[in-house]
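Reader: I'd like to learn how to read a few features off a model. Can you walk me through them, general idea before the specific case?

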Amino acid sequence: MQFDRIKEIQKTLPTTPIWQWSATEVALGIRHKAISSTEATQNVLKRIHQINPKINAIINLMEQKALKQAKQADDLIAQGIVLSPLHGVPITIKDNVDVKGERNTNGGVFKDRICQEDSTIATNFNTAGCVTIGMTNLPEFAIRWFSENPLFGRTLNPWNHQITPGGSSGGAAAATASGMCFVAHGNDIGGSIRYPAYACGVFGLRPTWGRVPQFDPSSPGGRTFASEFFSIEGPIARSVNDIRLGLEVLSRGSIYDQVWVPAPLAYNDSKNRRIALVTQIDGMDIEPDIKENLIKVAKWLQADGYVVEEIKLPEFDIAAEIWGKILIAEKTTTIGHYIDEYGSEDVQKAWRGMVYGAEAAKDMREYILAIAKRDELRRIYNEILDTYPVIMLPISGKNPFKYGEDLLGDAYFKDVIIPAQIPLLALVCLNYPSMSVPTGLKDDNIPQGVQLFASDYRADLCLQVAEDIERHIKMPYRFED
């Protein structure tokens, strides 16, 4: 009987190499013994050896540890034990959180820091039976929308080497897009999950604060306001359901994060089919093909029975300004001197541009008033989201940046880069769950996408709409060499 069940499962699985499967398919195959975790891990490792020297997304390949974890996952399956929906599935972790026995360099800055304990991220993956296959690249101090550093070098976008893979989770998105993992961990304090997902043509979810617990034993001190409420951990993957499974694993609770919230992953409320469409935002220009893409996706959703109404988002540009006043003020205080002392010339230049373009609060009064304005804006947006449970808007006003655009000087940062990223920055300030959804490719191999956001802890609504979009456009994968 068990043999017949395995045969039936095998018929539903792809015939392509395992590294090309979705996390959902790999987990299904492992759970029902159609494949083993060891087999899946070896298959992915072969892909990494083939493509990573060209892409440079994984900067710490944990091959022997991964194979040991895979064997442990298989041994548990043999005993009838399944630890999670991602049991036995190879994943990656970004190189700015702690993994016991490995370096947490934060983009090559702390090259000699060896972690003595696991972060909450690593703990949740481990207790879910996942296989951590390696750690992914990012810029120094995780502060650029590009992913390169002097220690590990530059990560390339698998689709187009002339454009950024995004930052700071560029290594995570590039690894996912090119078949080097099934689910990647990322974190987002200024778009660092959603922008790399956009640039690399995959899905990326920034949950609400408190959804995914955060703690790194190598950084035991207390967190500032922005570090606690703006910096969010989340999954990157090639399908909506893989994002759903990644969120389920990452959101397991921890006593080490005092703001973790045990909110349900989904609610049994009636599905409101109203969606707000945003094609104009004060303070920024939106490129014509980005508007056209939004309208195209809106038509798909209308065909599915959604009521799509175009709206203007009030003071959305102000929300992005508040992001700068709070975050840049805090980062200037906490890491500004480290960037000056330990950062490369490139990261120092990019940081100066960000400080100039984002305009941090000048004093304590302005900082306090910025936090108060944020509270006021969230009340306004809670009312809008009560009418429109999901809002669709651009991820960025520009197509993915060309390599080195953040090194073109302070004025370019202020006039071009910061305005283009208003949709990313504003949603960090407002802190609603937001998701990058790929919607196809332009002729020059540049991914396109839309962004969705919903009210607090309602990432499930973003996932529902994203799944409907996914049915209309099956994003091609960058599996060629």
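Reader: Which residues in α9 are buried?

Author: This is a predicted model, where local features need pLDDT of at least 70, side-chain atom pairs count only at pLDDT 80 or more, and totals for chains, interfaces and linings use all residues. Residues are numbered from 1 along each chain as its sequence is written, and side-chain values use heavy atoms, with hydrogens and water left out. Buried means under 20% relative accessible area, exposed over 50%, and partly exposed in between (1.4 Å probe, protein chains only). Helices (H or I, at least four residues) and strands (E, at least two) are DSSP runs, numbered from the N terminus. In α9, the buried ones are Val240, Asp242, Ile243, Leu245, Gly246, Leu247, Val249 and Leu250. That's eight of the eleven residues in 240-250, leaving the helix mostly covered.

Reader: And what share of the 481 residues in the protein is buried?

Author: Buried residues come to 62% of them. The fold holds 17 helices and 13 strands. Its radius of gyration, taken over C-alpha atoms, is checked against a globule rule of 2.2 Å times the number of residues to the power 0.38. The protein has 21 Å, close to the 23 Å the rule gives for 481 residues, so it is as compact as a globular protein of that length.

Reader: How do I read contacts, say for Gly353: which residues does Gly353 touch?

Author: Contact means heavy atoms within 4.5 Å. Not counting residues up to four places away in sequence, Gly353 touches Asp410 and Phe413. Gly353 sits in helix α13 (residues 345-358) and is buried, at a relative accessible area of 0%. Gly353 and Phe413 are 60 residues apart in sequence, yet 5.4 Å apart in space, C-alpha to C-alpha. Across the protein, 78% of the contacts with a separation of 6 or more join residues 24 or more positions apart.

Reader: With which side chain does the side chain of Ser396 make a polar contact?

Author: A polar contact is a pair of N or O atoms within 3.5 Å; within protein, one must be able to donate a hydrogen and the other to accept it, and residues adjacent in sequence count only if both atoms are side-chain atoms. Here the partner is the side chain of Gln421, at 2.7 Å. The side chain of Ser396 also reaches the backbone nitrogen of Lys398 at 3.2 Å. Leaving out residues up to four places away in sequence, Ser396 touches Tyr195, Tyr198, Met284, Ile290, Ala420 and Gln421.
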